[in-house]
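Here are my notes on the model you sent. Please read them with the structure open.

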Amino acid sequence: MLNLLRIEWMKIKNYRTFWILLGIVVLAIPGVNYAVYSIVRTVTSGGKGPGGPGSAGGPIVNPFSFPDGWHTICYTSSMLFIMQAILIITLTTNEFTFKTHRQNIIDGWSRNAFIGVKLVEVILLSILSTLVVFLTILGFGFSSSHGGVQVSVWQGSRFLFFYFVQVISYSMIAFVIAVLIKRSGLAIGLFLIYMVVEQVVMGIVTNIFKVSAGQYLPEESTDRLIPFPGIHLMSQAEWEHRIPSYLVAAGIYLIIYYVVTTRYFLKSDL
Amino acid sequence: MDVLKATGGTYAWFGEPPSEKQRRKIGTLLETPNFYHYLSGERNLRIAAAIKGRGMGDIPRVLEMVKLAERKDSKFSTYSLGMKQRLAIASCMLGNPEVLVFDEPTNGLDPVGIAETRETIRHLAREGKTIVLASHLLDEVEKVCTHVAILQRGQLLMAGDVREVLVNEDIVELGVPGGLEDRLREALTGWPGVTQVRPNEGLMQVFFEKGETPDTGKLNRYCFEKGIVLTHLQLRKRSLESKFMEITKETNQ
């Protein structure tokens with residue numbers, strides 16, 4: 001696998017679009033969080049910013065300090081999945097556009113090797129994105145805890161795991177679409193449309209059919225792992241109770257994405 | 001090459017079932033060259049060499065061989081069609097494989113590109129490589145190949161030396177004044193190599209044995225000596241396409 005990854009690296013290390021998109025993914029996470037942080041500070045400061053001396057125990061809790069920072073930053077960063085999806089779709093559809101997927105096989109890769117290394121690439125990008133979120137959390141957490149961290153730094157860190165589950169799920173949806181559609185523009189369009197369609201379907205299922213199954217749709221089940229900070233659609237206890245079911249749903253979908261992409265690529269004419 | 005999923009049949013490379021290991025030992029060019037447009041020619045070859053498990057040391061040699069050494073650092077997207085094809089051949093030659101597979105290697109090329117590609121293939125053949133070339137251009141097959149196999153709907157119709165299977169059969173068309181056709185037919189039966197004489201649109205078509213090229217000057221003199229004055233004499237090349245049609249039709253019947 002290391003040799004396969006080395007060859008993948010040879011493909012992308014001189015690809016300017018890859019570096020631009022990766023740069024956007026990596027910089028947008030702290031950047032967008034800082035923008036939200038600035039807005040929150042402006043709204044809540046009244047001359048005294050959140051996280052400032054005395055605010056930790058005061059009525060206004062800084063959502064970017066420990067322990068809430070884990071939740072807030074994971075939620076804010078999850079808005080940026082589209083950038084990672086575009087990166088994955090671009091890298092994958094390039095192979096189909098240039099027909100290099102055929103050439104790689106002709107030159108001596110097995111079909112399993114080709115699709116396998118692409119899946120590993122998706123996982124690595126998801127790990128990278130999670131790592132950037134982790135560093136962003138630490139950065140905001142320590143910089144806004146002037147009086148020293150009052151709670152355990154790791155309290156709330158499960159949100160980072162939820163973030164990883166969410167980013168890999170979105171990335172795999174992008175990957176499935178890229179493998180099936182093969183064209184970059186169309187795949188990105190379809191990914192965006194799917195995000196909207198799922199919300200519409202969930203609305204119909206929840207409001208018209210009055211069933212809660214909509215929360216287990218592919219994207220919604222992972223979205224619910226990191227609800228909007230502060231405002232809960234359900235009680236904290238109920239959310240805690242449902243976490244395992246959301247994780248199981250996400251796991252099942254990940255298996256489905258894996259089976260669909262590998263079977264399709266192994267069986268189809270190239 | 002594991003590009004298409006076969007509905008039936010079997011094949012072997014080097015006497016073994018096909019696998020990715022076998023493919024690494026074969027240089028293959030299927031129709032169009034497939035490379036990363038944003039990378040230079042050399043960087044593309046590095047990827048191909050890494051996949052084939054070959055060292056990078058062979059890259060300068062193959063670039064030199066296809067005369068692309070000077071443009072090795074240019075992006076693939078800036079190459080002409082002929083250059084792209086030559087880079088694909090260079091990629092096939094990485095590691096100096098004994099067997100090469102070329103499918104329609106001159107597809108979409110301009111006349112210069114076609115000539116360059118054919119010359120490269122002939123050059124490789126002279127080096128002793130086994131080259132399997134698939135083509136619908138019979139003229140190309142005749143010019144480049146030593147042996148040919150004609151396949152139709154998965155059936156092998158004919159195989160053998162290209163000079164025997166796709167031999168050019170020459171036809172001589174003769175015109176004589178009305179009433180002399182039978183005399184001409186009778187006279188030509190004594191001419192060496194003649195297999196058939198038949199009327200066609202007011203002329204007499206004379207067919208010869210395979211590989212026999214008739215001397216029209218001698219034929220003219222022969223007819224004159226037999227008291228037949230020709231009003232029309234023309235040597236016609238029978239096209240390879242018509243020969244191919246004949247082979248495929250014969251088998252269908």
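**Notes on the predicted model**

1. Helix H1 (residues 2-12) of chain A and helix H6 (residues 111-143) of chain A have axes that come within 10 Å and cross at roughly 75 degrees. Angles of 65 to 115 degrees count as roughly perpendicular, so H1(A) is roughly perpendicular to H6(A).

2. Which residues make this contact? From H1(A) come Leu4(A), Leu5(A) and Glu8(A). They meet Ala113(A), Val117(A), Val120(A) and Glu121(A) of H6(A). By class, the contact of H1(A) with H6(A) has five nonpolar residues, two charged ones and no polar ones.

3. Next, the largest nonpolar core. This core has 46 residues. Cys74(A), Ile88(A), Ile89(A), Ala174(A) and Phe175(A) touch the most other members. At least two residues each come from several helices of chain A, among them helix H2 (16-45), helix H3 (68-77), helix H4 (81-97) and H6. Helix H7 (158-181), helix H8 (184-207) and helix H10 (236-267) of chain A are also on that list. H7(A) gives the largest share, 16 residues.

4. Look at Phe175(A) in detail. Leaving out residues up to four places away in sequence, Phe175(A) touches Ile88(A), Thr92(A), Val122(A), Tyr257(A) and Thr261(A).

5. There is also a second, separate core, of 43 residues. Its members include Ile106(A) from chain A, and Leu45(B), Val62(B) and Ala88(B) from chain B.

6. Now the contact between the chains. How many residues of chain A are in contact with chain B? The count is 21 residues of chain A, against 24 residues of chain B. On the chain A side, H1 and helix H5 (100-107) are the elements that give two or more residues. H5(A) supplies the largest share, seven residues. The chain A side divides into eight nonpolar, six polar and seven charged residues.

7. Chain B has ten helices and nine strands. Its radius of gyration is 25 Å, whereas a compact globule of 253 residues would have one near 18 Å. Along the principal axes, the C-alpha atoms of chain B fill a box of roughly 75 × 45 × 30 Å.

8. How much of chain B counts as buried? The share is 26% of the 253 residues. Among contacts in chain B with a separation of 6 or more, 64% are between residues 24 or more positions apart.

Note on methods. Residues numbered from 1 in each chain as written. Chains lettered and ligands numbered in written order. Predicted model: local features only at pLDDT ≥ 70, side-chain atom pairs only at ≥ 80, totals over all residues. Axes fitted to C-alpha atoms, helices over the stretch in contact; angles between N-to-C directions. Helix = DSSP H or I, 4+ residues; strand = E, 2+ residues; numbered from the N terminus. Parallel < 35°, antiparallel > 145°, perpendicular 65-115°, else oblique. Contact = placed C-beta atoms within 7 Å. Nonpolar A, V, L, I, M, F, W, Y, C, P; charged D, E, K, R; others polar. Rg over C-alpha atoms; globule rule 2.2 N^0.38 Å. Buried ≥ 20, exposed ≤ 12 C-beta atoms within 10 Å, placed from the backbone. Core = buried A, V, L, I, M, F, W, Y, C linked by C-beta atoms within 7 Å.
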